[in-house]
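Please consider the structure shown below together with its sequence.

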Amino acid sequence: RCCIDLHQGKVKQIVGSTLTDKPGDAPVVNFESQMSSSDFARMYQRDGLTGGHVIMLGPGNQQSAMAALSAYPGGMQVGGGIDLENAMAYLEAGASHVIVTSFVFSGAELNLERLEQLVELVSRVRVRVR
């Protein structure tokens with residue numbers, strides 16, 4: 001599937017194991033694009049690619065994510081920091097689905113109450129748990 005990974009507002013390919021929350025630890029970047037997130041989204045739309053995702057890797061990516069979603073309404077899912085406060089805004093901006101992980105898991109345990117609250121807010125068919 002097509003994807004747009006965002007880090008510090010830029011489209012990047014990052015070595016996954018190097019992305020941490022530790023202050024001062026910079027991830028290893030394989031590639032940083034000069035194209036914007038919305039450029040990629042329009043390219044995916046033009047090529048008929050659906051079901052892809054926009055993933056926000058850390059803070060500072062909301063504006064770029066919204067730009068991609070609005071450039072390809074209904075064509076991409078969004079994940080990374082999704083919760084009850086922002087899920088609807090991403091769907092209204094054009095996301096087909098919201099992807100949640102940390103919001104509904106505490107360690108290896110599923111927080112069913114949080115999942116039910118999210119499903120009540122946005123509907124079961126628009127939630128992806130990963």
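The following paragraphs treat a helix, an aromatic pair and a surface patch in turn.

This is a predicted model, and the reading may begin with helix α2, which spans residues 62-71. Five residues of α2 are buried, namely Ser 64, Ala 65, Ala 68, Leu 69 and Ala 71. When the helix is viewed down its axis, these buried residues fall within an arc of 165°, and therefore they line one face of α2. The cover over them includes the strands β1 (3-7), β4 (52-56) and β5 (76-79), together with the helices α1 (37-46) and α3.

Helix α1, one of the elements that cover α2, also holds both Phe 40 and Tyr 44. These two residues stand four positions apart, which is about one turn of the helix. A search of the whole structure finds one aromatic pair. The ring centres of Phe 40 and Tyr 44 lie 6.2 Å apart and the ring planes meet at 50°, so the pair is tilted. Phe 40 is buried, because its relative accessible area is 13%, under the limit of 20%. Tyr 44 is likewise buried, with a relative accessible area of 10%.

Helix α3, another part of the cover over α2, comprises residues 87-93 and contains Met 88. Met 88 has a relative accessible area of 32% and is therefore partly exposed. On the surface, Met 88 forms a nonpolar patch with Leu 84 and Leu 121. Together, the three residues of this patch have about 210 Å² of accessible area.

Key
Residues numbered from 1 in each chain as written. Predicted model: local features only at pLDDT ≥ 70, side-chain atom pairs only at ≥ 80, totals over all residues. Heavy atoms only, no water. Patch = residues over 30% accessible without salt bridge, like charges linked within 9 Å, V, L, I, M, F, W, Y side chains within 5 Å. Areas by Shrake-Rupley, 256 points an atom, 1.4 Å probe, with all protein chains shown as cover. Salt bridge = Lys/Arg side-chain N within 4 Å of Asp/Glu carboxyl O. Buried < 20%, exposed > 50% of the residue type's maximum accessible area, 1.4 Å probe, protein only. Arc of directions from axis to C-beta. Contact = heavy atoms within 4.5 Å. Phe/Tyr/Trp six-rings, centres within 6.5 Å; stacked < 30°, edge-to-face > 60°.
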